[in-house]
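Please look at the sequence and the model below, then go through the points by topic.

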Amino acid sequence: MRLILLGPPGAGKGTQAQRLVQKYGIIQLSTGEMLRAAVASQTPVGLQAKDIMASGALVPDEIVIGIISDRLDQPDMKNGFILDGFPRTVPQAAALDELLKKKHIKLDAVVELRVNESALLDRVETRVAEMRARGEEVRIDDTPEVLSKRLANYRSLTEPLIHYYSERRKLLTVDGMMTIEHVTREINRILSAIGAVEPRAAAPARKARGAARKTAGLTGKKAAKTAKKAVKTARKATKPASRAASKAASLAKGRGTAKAKKAAKKTTSRPAKKVTKKRAKR
Ligand code: AMP
């Protein structure tokens, strides 16, 4: 899965990105985090970015594009990634399109977290308080003055990306004013609906279907053994899938292969489809 999370400071991009990382085992690429690390270790990029970041302005496009380009080449990217805080300008988005094209990577979606601006200051204040309570170093750009500059930058430079990605049919908007839990659920729901992730029951059901199909082409003892495996997998998925696999199993065991194939194909594919359709409708 390859995603971009879009939203103003305090929208919850970092929090949601971490939840997606945990759920799908993909990598979070936060340009803000990378830049803060560069500042802390005083690399040439860090030295260049330090004052700009402290003022709430944006670091030049070439710098962040360079960072992202290098990072996308790392082997751990192959399972997928979430871009958090990048792109932030239209030229960055265009450069990303080029990079992805060159690297033959397809972007699944851009998830926009939409929030009321009036809530953002409160959220950032809460973040600061929580960081202090944990004994962590507070970001120097998390002050009311710098935040208002970061918000102004978001409005003028980053918000045009909503149109950019909507035109390219990549944009999915989520109400970021809901609770963290609700936002997570909503993101997962829409990602399932567009087929970026498998609905919970689909993967095991598909496994069962494959096994049942395989069984249908076999005879005798081997068929019974493979069928048993199919039933087990299907049970873990959904009950109807399990029934289908059982039917396929008994058919493969007793009678010829044609009927078994038909039964396995007909019934095991239903539950997963139903889930997807229903979710997509909602
Ligand atoms: P963030 O942690 O995403 O809020 O980013 C913190 C700061 O890092 C921003 O205010 C910018 O100064 C800088 N920064 C992060 N990402 C980018 C980007 N994509 N383009 C330009 N500057 C960025």
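This is a predicted model: local features need pLDDT of at least 70, side-chain atom pairs count only at pLDDT 80 or more; totals for chains, interfaces and linings use all residues.

**Around the ligand**

- The shell around the ligand holds 16 residues, and Thr31, Ala57, Gly85, Arg88 and Gln92 come nearest.
- Sorted by class, this shell has seven nonpolar, four polar and five charged residues.
- Helix α2 gives the most to the shell, with four residues.
- Gly85 has a polar backbone atom 2.9 Å from a nitrogen atom of the ligand.
- In Arg88, an N or O atom of the side chain is 2.9 Å from a nitrogen atom of the ligand.
- Arg150 has a polar side-chain atom 3.4 Å from an oxygen atom of the ligand.
- The ligand taken alone exposes 470 Å², and the protein buries 96% of that.

**Helix α3**

- Helix α3 spans residues 44-55, and Gly46, Ala49 and Met53 are buried in it.
- The partner against which the buried residues of α3 pack is α2, residues 31-40.

**Ser69 in helix α4**

- Ser69 is part of helix α4, which runs over residues 61-72.
- Ser69 has a relative accessibility of 16%, so it counts as buried, the cut-off being under 20%.
- Leaving aside residues up to four places away in sequence, Ser69 touches Leu99 and Lys103.

**Backbone features in the loops**

- Most residues other than glycine have a negative phi, and most peptide bonds are trans.
- Gln42 is not a glycine, yet has a positive phi of about 55°.
- The loop between α2 and α3 contains Gln42, and this residue counts as exposed because its relative accessibility is 57%.
- His104, also not a glycine, has a positive phi of about 55°.
- The loop that holds His104 lies between α5 and β4 (109-114).
- With 75% relative accessibility, His104 counts as exposed.
- Phe86 and Pro87 are joined by a cis peptide bond, with omega about -5°.
- Pro87 sits in the loop between β3 (81-84) and α5 (90-102).

Definitions and conventions: Residues are numbered from 1 along each chain as its sequence is written. Side-chain values use heavy atoms; hydrogens and water are left out. Buried means under 20% relative accessible area, exposed over 50%, partly exposed in between (1.4 Å probe, protein chains only). Helices (H or I, at least four residues) and strands (E, at least two) are DSSP runs, numbered from the N terminus. Contact means heavy atoms within 4.5 Å. A residue is near a molecule or strand if one of its heavy atoms lies within 4 Å of it. A polar contact is a pair of N or O atoms within 3.5 Å; within protein, one must be able to donate a hydrogen and the other to accept it, and residues adjacent in sequence count only if both atoms are side-chain atoms. Accessible areas come from the Shrake-Rupley method with a 1.4 Å probe; for residues, only the protein chains shown count as cover. Ala, Val, Leu, Ile, Met, Phe, Trp, Tyr, Cys and Pro count as nonpolar, Asp, Glu, Lys and Arg as charged, and the others, Gly among them, as polar.
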